Amino acid sequence: MTLTSSKIYGQEFENEEKTITGIYQADGKSKSEIFSAINKWIALNYNSAKNVVQLNDKESGTIIVKGINEAVYKNVMKEMYPKNKYMQEYNTVEFNHTIEINVKDNRYRIIYHLTDIITPAPVAGYNLEQQYSIIFDMIDFTGLKQEKIDFYNLYIEELWKKAMVGKKKREEFKEMTKPTFEELNKGVKESVKTTMNSVGTTVKSTKKDDW
């Protein structure tokens with residue numbers, strides 16, 4: 001499995017295909033303090049019945065949450081149709097995810113894993129499940145792979161042919177595949193890291209009660 005790592009503001013992240021892992025320092029905070037702060041974050045950020053705590057074990061310092069996240073990314077197709085007022089500049093996509101958090105004195109680890117994509121309701125009777133399954137496969141935190149771009153283009157080419165889209169226009173669309181999914185990957189990664197760093201902000205800002 002391919003792994004990549006990066007540092008943002010001194011924070012280390014390790015990337016796998018659908019998973020980002022971050023190890024956070026919380027100097028001066030006990031395991032119990034960190035655990036309580038993270039539970040506070042969960043209570044404030046997961047208020048839907050679809051967002052469920054799967055495990056909350058204080059003794060082992062392990063918390064597992066499943067939920068839904070939304071990512072926003074630039075719609076590069078807008079460049080082809082700049083005057084089309086019905087084409088949005090940004091798209092949104094939703095994913096199901098799990099977050100596992102392991103807590104120790106002075107530090108904790110967040111493992112954020114995308115489990116699947118949420119497929120919109122059928123449009124004009126057309127089931128989008130297969131297309132969105134391919135889109136989900138294009139998400140790769142270690143970098144967009146050319147073989148996946150090629151596979152997507154072959155799939156979408158057949159749809160365009162059935163829709164009587166001309167060859168020249170089909171080629172223009174295929175040239176936009178790579179930048180489109182690069183923007184998608186960028187947007188999803190930013191969404192994940194923003195969530196992870198939000199946990200860090202809560203842990204840092206939480207103080208002992210003086211009551």
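Two residues lie between the strands of the β6 and β7 hairpin, in which N106 adopts a positive phi near 70°.

Residues are numbered from 1 along each chain as its sequence is written. Because the model is predicted, local features need pLDDT of at least 70 and side-chain atom pairs count only at pLDDT 80 or more, whereas totals for chains, interfaces and linings use all residues; side-chain values use heavy atoms, with hydrogens and water left out.

The protein contains five helices and seven strands, taken as DSSP runs (H or I of at least four residues for helices, E of at least two for strands) and numbered from the N terminus. The order of elements from the N terminus is β-β-β-α-β-β-β-β-α-α-α-α. The C-alpha trace spans about 70 × 35 × 35 Å along its principal axes. Of the 211 residues, 39% are buried, that is, under 20% relative accessible area, with exposed meaning over 50% and partly exposed in between (1.4 Å probe, protein chains only). Among contacts (heavy atoms within 4.5 Å) between residues at least 6 apart in sequence, 59% join residues at least 24 apart.

Apart from neighbours within four places in sequence, I38 is in contact with I63, I101, V103, Y108, V199 and V203.

In α2, the buried residues are Q131, Y132, I134, I135, F136 and M138; their cover includes β6, β7, α3 and α5. By contrast, K204, located in helix α5, counts as exposed because its relative accessibility is 68%. The C-alpha atoms of K204 and I23 are separated by 14 Å, although the two residues are 181 apart along the chain.

The largest pocket holds about 890 Å³ of space. A pocket is an open set of points on a 1 Å grid over the protein atoms alone, where a 1.4 Å probe fits and protein lies on both sides within 12 Å along at least five of seven lines; lining residues have an atom within 4 Å of a point. The lining comprises 26 residues, of which M77, Q131, I135, Y152 and I156 are the closest to the pocket centre. Elements giving two or more residues to this lining are β6 (90-104), α2 (129-138), α3 (146-162) and α5 (177-205). By class, the lining residues comprise 20 nonpolar, six polar and no charged, with Ala, Val, Leu, Ile, Met, Phe, Trp, Tyr, Cys and Pro taken as nonpolar, Asp, Glu, Lys and Arg as charged, and the others, Gly among them, as polar.

Technical notes
Points joined across faces, edges and corners; volume = space filled by probe spheres on them. Pairing = 2+ DSSP bridges.
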